[in-house]
Protein chains: 2
Amino acid sequence: MSLDLSVDRSSPVPLYFQLAQQLEAAIEHGSLTPGSLLGNEIELAARLGLSRPTVRQAIQSLVDKGLLVRRRGVGTQVVHSQVKRPLELSSLYDDLESAGQRPATKVLANTVVPASAEVAAALGLAEGTEVHRIERLRLAHGEPMAYLTNYLPPGLLDLDTVQLEATGLYRLMRAAGITLHSARQSIGARGATAAEAERLAEPEGAPLLTMQRTTYDDTGRAVEFGDHIYRPTRYSFEFQLLVRS
Amino acid sequence: MSLDLSVDRSSPVPLYFQLAQQLEAAIEHGSLTPGSLLGNEIELAARLGLSRPTVRQAIQSLVDKGLLVRRRGVGTQVVHSQVKRPLELSSLYDDLESAGQRPATKVLANTVVPASAEVAAALGLAEGTEVHRIERLRLAHGEPMAYLTNYLPPGLLDLDTVQLEATGLYRLMRAAGITLHSARQSIGARGATAAEAERLAEPEGAPLLTMQRTTYDDTGRAVEFGDHIYRPTRYSFEFQLLVRS
DNA sequence: GTAGTTCGATTGTCCGGACATACGGATTGA
DNA sequence: TCAATCCGTATGTCCGGACAATCGAACTAC
């Protein structure tokens, strides 16, 4: 019954990470059933030839992911699954792709414009600064799903229309060496204007889902501001969140 | 310039936690300016009379919160703020209260009903099982803001209407010893039905923001399912999220 | 029978050290 | 002048141990 765990000391992959991966796989695969105890850390460490801190580090990473729960005096148990995606900072493109839908993108605009007051405030620039502005229509199964407007500060990235139609914006940014760190976002709803209605093939006044997001890199610099609208019959925000204790 | 950090070894508060609090306070207060280096861990440990693992644990907790960034070979720097609330599992009540608005709640229903197929699936019960059903109208400044429908499995909690009008549901659950662990939620939009429109003082067909959420405790048991609608002119979902690397 | 106590088990915290690894700047070489 | 290399520095990983705090169950006393 006990898992056959093992670590490869010659691998460059950290030992705690190897262990965490194996435990996660065992949980996913069903070898470790929900609610079952994991066995105490000391014994587990001895069995694997690891030290307790290393084993603890592996377990802790899974606790942070919400897969395990520790109880002092009791042990570490597997949470009754239900955990899937802990809400990452993901692009719509990645979301769609991982959902099996092959997303298509039509770039409607890719220009440089002076920043409006709202954009300037979001990006932390002076009003009127030249910023990139891209407008994209995202389709799934040939149907329009979302209308995406993004603003990027100057000199950060070469925005190639061809690339934008082939992949997501975040991938391009990561590929350019930008390390995304955090984002502030706001999700709301409102009725479609006439122009929006036409672009999304909805009647005027139809309910739309809206999302505004400012993304920051790890130096705290704003690297992107997006103002997006979604067809609620085609898309909704699904995510999981954990209680940080 | 260097902070006056200190730890109290006689305190029951863990040393790493004391240090983390002081660092966080220094960042909040501005003593540690964004972008500044934190000084290497070894020296910091020596200065405080702590070991490096303890100092690392403190720093790591702030990295997890998004306040600090570590760079190998460089050091640990303070992120250019912008970080505020990393999206907790919060109730609308708490959100409103912390925003300075004094929320009011009107309980419109508090009964026991057989679970519909949807509710049963969400709570992991058999269809037809008796569940608590509460309907609440949430107001701010006397204006209706949201219409909240919640379902709870039987035998979990005594739902007192008076308490429900005085505080939020999550607080009652926590007070009853339930440790909330995670939640799956879905945010969308649609037009208001005639009944919804009247309850929220909106015209029929008006865009509404919708949220469905199933909350689980740390054993993985579903403890609540909510089906909520919000007036988008009065409320939107604002949150911050971090990139888990 | 019930309430209080003791005790084993398990995680939480903390220590001091060791070596590996990656980044950035200085140095060196073409 | 520019590119490749070296090296100091700081974090990343890992070890082995020690004691404290907490939970749950068995035990005891009333």
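I laid chain B on chain A: a turn of 180 degrees and a shift of 0.0 Å along the axis give an RMSD of 0.1 Å. I then looked for the C-alpha of chain B nearest the axis and found that of Pro207(B), 2.3 Å from it. The same surface serves both copies, since 100% of the contact residues of chain B recur in chain A; contact means heavy atoms within 4.5 Å.

Ground rules for these notes. This is a predicted model, where local features need pLDDT of at least 70 and side-chain atom pairs count only at pLDDT 80 or more, while totals for chains, interfaces and linings use all residues. Residues are numbered from 1 along each chain as its sequence is written, chains are lettered from A and ligands numbered from 1 in the order written, and side-chain values use heavy atoms, without hydrogens and water.

Next, the sheet. I traced an open sheet of 7 strands, paired antiparallel, in the order β3(A)-β4(A)-β5(A)-β8(A)-β7(A)-β6(A)-β9(B). Strands are DSSP runs (E, at least two residues) and helices likewise (H or I, at least four), numbered from the N terminus; two strands pair if DSSP finds at least two bridges between them. β3 (103-114) of chain A and β9 (237-242) of chain B stand at the edges with a single partner strand each, so one side of each is left without a neighbour in the sheet. I checked one pair: 11 bridges join β6 (180-191) to β7 (207-217) in chain A, running antiparallel. There, Ala183(A) has Thr215(A) in β7(A) as its bridge partner.

Last, the DNA. Which residues come nearest to DNA strand C? Of the 26 around it, they are Arg52(A), Arg72(A), Arg9(B), Leu15(B) and Thr54(B); a residue is near if one of its heavy atoms lies within 4 Å. Sugar and phosphate make up 75% of the atoms of DNA strand C within 4 Å of the protein.

α3(B) gives the most to the surface near DNA strand C, 4 residues.

Note on methods:
Least-squares fit on C-alpha atoms with pLDDT ≥ 70 in both.
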